[in-house]
Amino acid sequence: MSVTIAELLAKVPTGLLIGDAWVEASDGGTFEVENPATGEIIATLASATSQDAIAALDAACAVQKDWARTPARQRAEILRRGFELVAQRAEEFATLMTLEMGKPIAEARGEVAYGNEFLRWFSEEAVRLYGRYGATPEGSLRMMTTRKPVGPCLLITPWNFPLAMATRKVAPAIAAGCVMVLKPARLTPLTSQYFAQTMLDAGLPPGVLNVVSGKSASAISNPIMEDDRLRKVSFTGSTPVGQQLLKKAADKVLRTSMELGGNAPFLVFEDADLDLAIEGAMGAKMRNIGEACTAANRFLVQESVAEEFGRRFAQRLQEQVLGNGLDESVTVGPLVEAKARDSVAALVDGAVAEGATVLTGGKAGEGAGYFYQPTVLTGVTARSSIFAEEIFGPVAPIITFRDEAEAIELANDTEYGLASYVFTQDTSRVFRVSDQLEFGLLGVNTGVISNAAAPFGGVKQSGMGREGGSEGIEEYTSVQYIGIRDPYADQKK
Ligand code: NAD
């Protein structure tokens with residue numbers, strides 16, 4: 001990076017982006033952003049009030065008509081320029097994410113590459129929004145369908161992937177011709193602030209993207225969701241907050257996309273390539289310090305290979321280096337805040353009290369940051385409380401199974417249905433298992449499957465709607481059907 005950390009932080013706008021300007025909060029309020037590796041305050045930002053939230057919606061609505069009429073190619077080229085600028089600023093974005101969220105810098109670089117792909121992908125999708133043309137079966141009408149922008153959107157993002165969760169929503173909304181208000185997570189607003197400035201630098205017209213960070217999420221989202229002009233809310237976060245937002249969305253019959261919590265099973269069959277399974281486990285568990293909705297949460301391992309899998313996985317985890325993610329040698333950063341570390345510790349302590357054995361880890365880390373040791377637990381059962389909870393930390397509970405039927409039953413024994421993973425070398429087993437698993441995503445012999453070109457999303461209480469892929473842009477459009485009297489309608493009577 002060509003600038004120092006102090007110079008980088010000075011480049012990040014600290015105001016609210018409303019229309020064409022970064023402004024102070026209407027009541028002058030602010031909130032602080034902390035580095036979870038050190039506990040230091042790294043920035044103070046304007047904290048949006050309800051009045052600011054409505055001002056942001058006003059700014060968005062003022063340009064919706066013009067923006068919807070912008071040629072798709074123009075929107076595509078703005079996204080493409082955004083992609084190129086984010087790539088040029090990659091090291092700055094990576095450093096910001098490590099500073100505000102804690103992930104190791106190598107992983108933060110990985111997120112910049114992944115998150116930026118949504119800008120490139122949707123720049124390509126913007127010009128491929130097709131409709132249909134045909135005749136009704138009995139011949140009375142010609143029918144045309146077209147996709148229109150759904151209208152002003154509220155986008156609410158979590159703290160765990162500060163760039164990718166924003167680009168995954170902002171890029172398809174821009175591509176479809178929608179205007180938006182983005183509300184980043186309180187713990188990690190800096191990346192979104194800098195991303196929004198980057199999109200302005202890329203030529204995004206003022207008002208299309210507005211950003212209201214703040215200390216009270218509901219003070220921002222409630223007035224926007226109660227406003228008749230809003231058409232859609234896209235939310236990524238926990239299931240309880242998603243449920244609250246869905247209830248609120250019902251009052252205005254808003255379109256919704258909900259990317260909620262997960263409880264991913266990671267199935268290892270006795271015919272698996274164990275080297276691949278260990279590599280996959282490292283990716284599926286340790287990526288983002290386990291703070292991912294796709295994180296493997298329950299390792300379901302066939303009895304005959306469970307001892308070897310547990311031993312080798314524990315050994316790999318012992319080799320990890322805990323510390324400040326800005327240090328290139330560190331592979332496991334801190335959890336995002338003290339509450340997150342304490343909740344992981346409580347889950348592990350609870351599992352141990354219920355009879356689980358700690359193979360490695362099992363304790364909070366030392367020092368000022370919110371560290372928790374990478375941990376493997378054996379002797380966990382479907383009755384253990386940790387089996388039902390989203391852990392959101394570097395903890396791997398191992399549960400054994402006898403046969404395929406039991407593995408599938410255990411895997412599906414959850415209210416969640418986001419990610420799942422299967423390790424086997426038997427192709428027919430892949431099809432049998434994928435047919436029966438109730439999850440929106442399945443990785444086969446791999447622990448990392450997220451990709452801008454693929455539809456990401458869950459079933460059951462993990463949510464609804466898809467982000468990425470060709471499906472991602474459709475979430476920001478509504479279909480209009482036009483029926484035209486068929487010129488031969490009379491002859492066909
Ligand atoms: P969270 O639900 O606490 O917060 C998510 C966002 O919602 C934040 O911006 C927060 O400020 C806002 N928020 C909180 N309460 C709100 C309210 N009452 N009204 C409006 N907005 C509100 O979740 P989190 O702790 O930031 O993120 C972790 C959760 O997100 C995990 O459950 C994880 O599985 C989930 N997640 C899901 C996906 C996915 O794609 N399915 C991706 C990443 C994270």
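Trainee: In which strand is the place of Glu259?

Mentor: Please keep in mind that this is a predicted model. UniProt, in an unreviewed entry, puts the feature "active site" at Glu259. Residues 255–259 form the strand that holds Glu259, and this is strand β11.

Trainee: Does Glu259 count as buried or exposed?

Mentor: The cut-off for buried is under 20% relative accessible area. Glu259 has a relative accessibility of 3%, therefore the residue counts as buried.

Trainee: Which residues does Glu259 touch, leaving out those up to four places away in sequence?

Mentor: Contact here means heavy atoms within 4.5 Å. Among the residues that Glu259 touches are Arg168, Phe235, Leu418, Phe456, Ser462, Arg466 and Glu467.

Trainee: With which side chain does the side chain of Ser234 make a polar contact?

Mentor: Ser234 lies in strand β10, residues 232–236. Its relative accessible area is 0%, so Ser234 is buried. Ser234 touches several residues, including Leu154, Ser257, Glu467 and Tyr476. The polar contact, at 3.0 Å, joins the side chain of Ser234 to that of Lys169.

Trainee: How much accessible area does the nonpolar patch with Ile482 have together?

Mentor: The patch lies on the surface and consists of Tyr133, Met144, Ile482 and Ile484. Together these residues have an accessible area of about 350 Å².

Note on methods
Residues numbered from 1 in each chain as written. Predicted model: local features only at pLDDT ≥ 70, side-chain atom pairs only at ≥ 80, totals over all residues. Heavy atoms only, no water. Helix = DSSP H or I, 4+ residues; strand = E, 2+ residues; numbered from the N terminus. Buried < 20%, exposed > 50% of the residue type's maximum accessible area, 1.4 Å probe, protein only. Polar contact = N/O pair within 3.5 Å; in protein donor to acceptor, adjacent residues only side chain to side chain. UniProt positions renumbered as here; feature names shortened; annotations may be inferred. Patch = residues over 30% accessible without salt bridge, like charges linked within 9 Å, V, L, I, M, F, W, Y side chains within 5 Å. Areas by Shrake-Rupley, 256 points an atom, 1.4 Å probe, with all protein chains shown as cover. Salt bridge = Lys/Arg side-chain N within 4 Å of Asp/Glu carboxyl O.
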